[in-house]
Structures are given as C-alpha cells and as structure tokens.
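Open the model in your viewer and get ready to select residues by number. This tour goes stop by stop.

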Amino acid sequence: MNWGPINTSNKYVLQEADISVVFYDRSKDWRAKIVTFTNWTRLHHCGIILSIGGESILLMSGKSHRAKFIDADRFHKNFCKPSHTLKLGRAMVSVQQITDYIRPPYTGDARSLCVWYFFTNSILRCKSLQPKTCALLISNILRICGFYVTDCVTPKKLYRELQKLCS
C-alpha cells in the first residue's frame, strides 16, 4: 500500500459533531494493575466519540489493531463501558480528514510506553521519543477538531488537561 501524499482537498466535508472523550478503567487486566500501582490512576485507556446526527462513532487505538472508527454504542454494549466521559461541545469536523490522519498504522505497545515512562520521560525529556499511545492520538485528533490541547501521553494527563478545558 502506498502511504505517500494524497490530494484530499476535495474530500474534506465538514460536519457539525458533538465531541466527547471517554476514559476506561481496565483494572481487571494484570497489566492495568501495574499501571494503577505505578501511576496512581484507574484511567487506563481513552477514545474520542464523534456524534453526528443520531449516530456516534468511537475512535480507538489498541496494541492488537491499528486506530480505527467503530460504532460507539455497539462497542460499549459488547466490550467495555467508559468510566468517565467528558463532553467538550460541538465542533466542525471532517471524518475523512481524521481517517487520512490515522491511515498509517497507529498502534502502540506497552514496552515502549514503559521505557518512556520510567526512563525517557524522567531523564531525557525528549519529545521525539514519545510512544504512540491512545492519549497522544486523542490529543492530536482534538487539535484537528479545533480544541487546544497539549500533547498528553497518558490518559491521566489527558483527563486533567480536558478537565481544565471544560471548566
């Protein structure tokens, strides 16, 4: 597949959408228990919901699949309900622009996150070594949607950043 530049100027149709960021507590998983212990949080994963018309789509990333849009209601019914939801308001968004942004496979892995958290972040503070995480993806997507959010690598930091934005 060719990941080169694509002329998408005529494909970006803006639609008004309600934007929400959802956070998940996956503390039943043993890896999440490590995150809970080391980071003092129960926020282990996050996603963004775009509600357009009567439908809601959820952008999720994972370690076993690339970031993609899925039906939010079906995901929450069949897999996992969010522990926290922050409604950010309405914005003009282009689902095609976001889809083009996530087209290169955006998948994170726990090893790079652990190395970053315990060594790179605390010693080097090098932004180019940030691991691909769900929170970093959502931070970037929120900027595409017009919200000013700094780069957040952990869901805990993103949650705190968005709480400031909502108040």
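**Stop 1: a charged pair**

Select Asp 18 and Arg 90. They form a salt bridge, with the closest N and O atoms 2.6 Å apart. A salt bridge here is a side-chain nitrogen of Lys or Arg within 4 Å of a carboxyl oxygen of Asp or Glu. Asp 18 lies in strand E1 and Arg 90 in strand E5, so this pair ties together parts that are 72 residues apart in sequence. Helices (H or I, at least four residues) and strands (E, at least two) are DSSP runs, numbered from the N terminus.

How covered are the two partners? Asp 18 counts as partly exposed, at 32% relative accessibility. Arg 90 is partly exposed too, with a relative accessible area of 47%. Buried means under 20% relative accessible area, exposed over 50%, and partly exposed in between (1.4 Å probe, protein chains only).

Glu 16, Asp 18 and Arg 90 are linked in a network of salt bridges.

**Before moving on**

This is a predicted model: local features need pLDDT of at least 70, side-chain atom pairs count only at pLDDT 80 or more, and totals for chains, interfaces and linings use all residues. Residues are numbered from 1 along each chain as its sequence is written, and side-chain values use heavy atoms, with hydrogens and water left out.

**Stop 2: the whole fold**

Zoom out and colour by secondary structure. The protein has 6 helices and 5 strands. From the N terminus on, the elements run β-α-β-β-β-α-β-α-α-α-α. Of the 167 residues, 41% are buried. Take the contacts (heavy atoms within 4.5 Å) between residues at least 6 apart in sequence: 62% of them join residues at least 24 apart.

**Stop 3: the largest nonpolar core**

In soluble globular proteins, nonpolar side chains tend to be buried together. A nonpolar core is a set of buried Ala, Val, Leu, Ile, Met, Phe, Trp, Tyr and Cys residues joined through side-chain atoms within 4.5 Å.

Select Ile 19, Val 21, Phe 23, Ile 48, Leu 142, Leu 158 and Leu 162. In the largest core, of 29 residues, these touch the most other members. Which elements give two or more residues to this core? They are strand E1 (15-24), strand E2 (45-52), strand E5 (84-93), helix H5 (134-144) and helix H6 (155-166). H5 gives the most, with 6 residues.

Centre on Leu 162. Leaving aside neighbours within four places in sequence, Leu 162 is in contact with Val 21, Phe 23, Leu 86, Leu 88, Leu 142 and Val 149. Apart from this core lies another, of 8 residues, among them Val 22, Ile 49, Leu 58 and Cys 80.

**Stop 4: aromatic pairs**

Rings of Phe, Tyr and Trp (its six-membered ring) pair if their centres lie within 6.5 Å; planes under 30 degrees apart count as stacked, over 60 as edge-to-face and the rest as tilted. The count comes to 3 aromatic pairs.

Select Phe 23 and Tyr 159. This pair is edge-to-face, at 5.2 Å centre to centre with 85° between the planes. Phe 23 is in strand E1 and Tyr 159 in helix H6, so the pair ties together parts that are 136 residues apart in sequence. Both residues are buried.

Next, select Tyr 24 and Phe 75. They are edge-to-face as well, at 6.0 Å centre to centre and 80° between the planes. The pair links distant parts of the chain: Tyr 24 is in strand E1 and Phe 75 in helix H2 (residues 72-78), 51 residues apart. Tyr 24 counts as buried, at 1% relative accessibility, and Phe 75 counts as buried at 16%.

**Stop 5: along helix H6**

Show helix H6. Its buried residues are Pro 155, Lys 156, Leu 158, Tyr 159, Glu 161 and Leu 162. Select Glu 161 and Lys 164. Their side chains meet in a salt bridge (3.8 Å, N to O). Both lie in H6, 3 residues apart, about one turn of the helix.

**Last stop: one more bridge**

The whole structure holds 5 salt bridges. One of them joins Asp 100 and Arg 103, with the closest N and O atoms 3.2 Å apart. Asp 100 counts as buried, at 15% relative accessibility, and Arg 103 as partly exposed, at 25%.
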